[in-house]
Amino acid sequence: MYNIYFKQAIRGIKSNPSRTLLTTLGIMIGIGTVILVLSAGEGFKSYVNAQVEVYGSNTMFVETSVPASTKARSNGASESGNVNSSANNAVPVTTLKVRDLEDFKNIPNVKNSYGVSVGQQIVTYSGISKTALIFGSSAARFDIDKGVIEMGRGYGIEEEKSLSQVAVLGSKIATDLFGDETPIGKLIRLGNYNFEVIGVYESKGSFGPMSEDDQIFIPVSTLQKKIQGIDYLFYAVVELRDKSKADATKLDIIDVLRKNHYISDPARDDFKVNTQEESLSVFNTILKAITFLLIAIASISLMVGGVGVMNIMYVVVTERIGEIGLKKALGARRRDILYEFLIEAVLLTIIGGVIGIIGGSFLAFVVAKFAQSTGLAWKFIVPIWGVVIAVSVSMIIGVVFGVFPARNAARLDPIVALNKE
Amino acid sequence: MLIELKDIIKNYDNGGVITKVLRGVSLSVDEGEFVAIMGPSGSGKSTLMHTIGFLDKPTSGTYLFDGEDTSSFNDDELARIRNERIGFVFQSFNLLPRTSVLDNVILPLLYNTSKANQESRAKLALESVGLGERIHFMSNQISGGQKQRVAIARALVCDPKVIFADEPTGNLDSKSGATVMNILERLNKDGRTIILVTHDRGVALHANRIVTISDGQIVSDVLVPESERIHSKEIKEDE
């Protein structure tokens, strides 16, 4: 039954293919942009997830944090005279210790953990100097972290205990310092000490000032005692046995920390425990906001495209006025004419939508390839739900903007239409 | 009585200026008749045909078609009458461009309630006008005479009671015109009612009755004596 309408609509579209393409340009651009935004968003998400995966998928972060109650006091100005307001954020919280990590091991769901201290040092090798972030971490890092050591090895517990001067390099800094030379067994200078390079990481595909490819990893005890002269940790990574029990384990970790840090009032917590979901949720919220904003902009193009389709449908109705009159004379009812033109409008917008999907996907593919070529772990993903939405939106636009011209056509008086021929 | 018009008045309102096109036309046509409506241009003959053919609604008057009063019919019911009981043949053929001969003839069947055997019904109609061989030609690849025969096949395909032909030979050379008239005569002989609008007496004389209209009124309504009737010869497939 409906294939009659399709046949007639397709005949109409075929009658002027180049105009069809031009008409649907707005829809193409709009839908293309939507697909590009959604796909790039998914690609970016895949990149971020890959970065998180580097820490291991079933891990939890324990960070130090300025207690909320202290912050409140400083914001409340001069309640206490000796509070240096700027100090709250500048002075590090010094309460997270290796002892806390030892206690985490008593929690049944905790499999392993490592603490990290971070410092910045000038690193020198045969005349080349660079400023690098030095990550002091426990030997357990090499069991938990998913980064692959491409050359050499990580350090062990014995080396950590004996404050060994050994270092594992990120892939980029290794290339920067050594070029084609093999770094393993070479000595680099960090501050006043020589460190033996024992391993080099494979590239982790990250970018920015915090890229792990630019970092140097040494035993946390060595960094704390020989270079920094401190005994606290910046953060700790805890590996879980069962990811699904993360929320309960989080409470256990909080208990241990409150007990060790003598905290009874949660407002005075000097730490934050984040599951991976929590770390990602902030990022996802931001990504969603950006995506919505960009799609809102793209929908302006869709509106303009819809008006373009409406415009051309009015032209088409005028052009085929004689044909409409003939069809009515041969017994076409109002709704027959209405459906024919409506389906033609919807086909127009769907054609635009499909070309938009292909074009948008292609652009997203180019973006992904570009990102990959710069070493980012960026996946090319076109979300199926995005395609479904794009096609539905094109159809809806076709109906909304096609219905008025189609109704005009359907209401034509047969004799008036015939005489126009 | 197949068609019964009583006091049909048709006025056109052009921005306050009322043009009286039909001023009280009463006309009856029996099933099986071949009626020619004649008259000079502007006499109202086309409007009369459009009114009888349900393409236009009268301003007042009653129209009984096959015994039914059609004045209360809505658009859908009128569309159905046009589709099932009436076939139109126009002066300028009105075939769909970029469409095959077969699809042109199928067109009325698309709006027909019975959707079965569309292709075979269309082929049968085309064979009856001698175009069985050309069904896959495009509508712009055939001659004017052939186009009008396709139009007749299209008018026939839903098996209507009446065929309305509005100056069917007006755009044709005499030979093609004769072929078209021969087909119409044959259809009439098979029992179909034909109503023909023409200003050409030579064409009108194919009919068995001539109704002359002038200034929106019927001025004469005469039967054509068999001796005066013109019969076009059947002309074989023109190559």
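In this predicted model, helices α12(A) and α15(A) are roughly parallel to each other. Their axes come within 9 Å and cross at roughly 30°, an angle that counts as roughly parallel because it is under 35 degrees. Helix α15 covers residues 384–411 of chain A, and α12(A) passes α15(A) in a right-handed crossing.

The residues that meet can be listed for each helix. From α12(A) come A:Leu302, A:Gly305, A:Gly306, A:Val307, A:Val309, A:Met310, A:Met313, A:Tyr314 and A:Val317. Facing them in α15(A) are A:Val393, A:Ile397, A:Gly398, A:Val400, A:Phe401, A:Gly402, A:Phe404, A:Pro405, A:Asn408 and A:Ala409. Sorted by class, this contact of α12(A) with α15(A) has 14 nonpolar and five polar residues, with no charged residues.

The crossing of α12(A) and α14(A) is right-handed. In α12(A), the residues involved are A:Gly305, A:Val309, A:Met313 and A:Val317. They meet A:Phe341, A:Ala345, A:Leu348, A:Thr349 and A:Gly352 in α14(A). The contact of α12(A) with α14(A) is made up of six nonpolar and three polar residues, and no charged residues take part.

**A helix pair in chain B**

In chain B, helix α3 (residues 101–110) and helix α4 (residues 118–128) pack at an angle of about 115°, with axes 9 Å apart. α3(B) and α4(B) are therefore roughly perpendicular to each other. Their crossing is right-handed. On the α3(B) side, the contact residues are B:Val101, B:Leu102, B:Val105, B:Ile106 and B:Leu109. On the α4(B) side, they are B:Gln118, B:Glu119, B:Arg121, B:Ala122, B:Ala125 and B:Leu126. The classes here are eight nonpolar, one polar and two charged residues.

| Helix pair | Angle between axes | Distance between axes |
|---|---|---|
| α12(A) and α15(A) | roughly 30° | within 9 Å |
| α3(B) and α4(B) | about 115° | 9 Å |

**Where the chains touch**

Between the two chains, 17 residues of chain A are in contact with 20 residues of chain B. On the side of chain A that touches chain B, the elements giving two or more residues are α1 (2–14), α13 (321–329), α14 and α16 (414–420) of chain A. Which of these gives the largest share? It is α13(A), with four residues. The residues on this side of chain A divide into eight nonpolar, two polar and seven charged.

**Domains and confidence**

Chain A is divided into domain 1 (2–52 + 281–420), domain 2 (66–91) and domain 3 (96–269). The centres of domain 1 and domain 3 of chain A, taken over C-alpha atoms, are separated by 52 Å.

The mean pLDDT of chain A is 85, and 91% of its residues reach 70 or more. Over residues 76–88 of chain A, however, the pLDDT is below 50. Beyond near neighbours in sequence, this stretch has nine contacts in the model. Where pLDDT is low, the predicted coordinates should not be read in detail. Chain B averages a pLDDT of 91, and 98% of its residues score at least 70. For the model as a whole, the scores are ipTM 0.91 and pTM 0.72.

Key:
Residues numbered from 1 in each chain as written. Chains lettered and ligands numbered in written order. Predicted model: local features only at pLDDT ≥ 70, side-chain atom pairs only at ≥ 80, totals over all residues. Domains from an automatic or database assignment. pLDDT = per-residue confidence, 0-100. Contact = placed C-beta atoms within 7 Å. Left-handed = near helix turned anticlockwise from the far one by under 90°. Nonpolar A, V, L, I, M, F, W, Y, C, P; charged D, E, K, R; others polar. Axes fitted to C-alpha atoms, helices over the stretch in contact; angles between N-to-C directions. Parallel < 35°, antiparallel > 145°, perpendicular 65-115°, else oblique.
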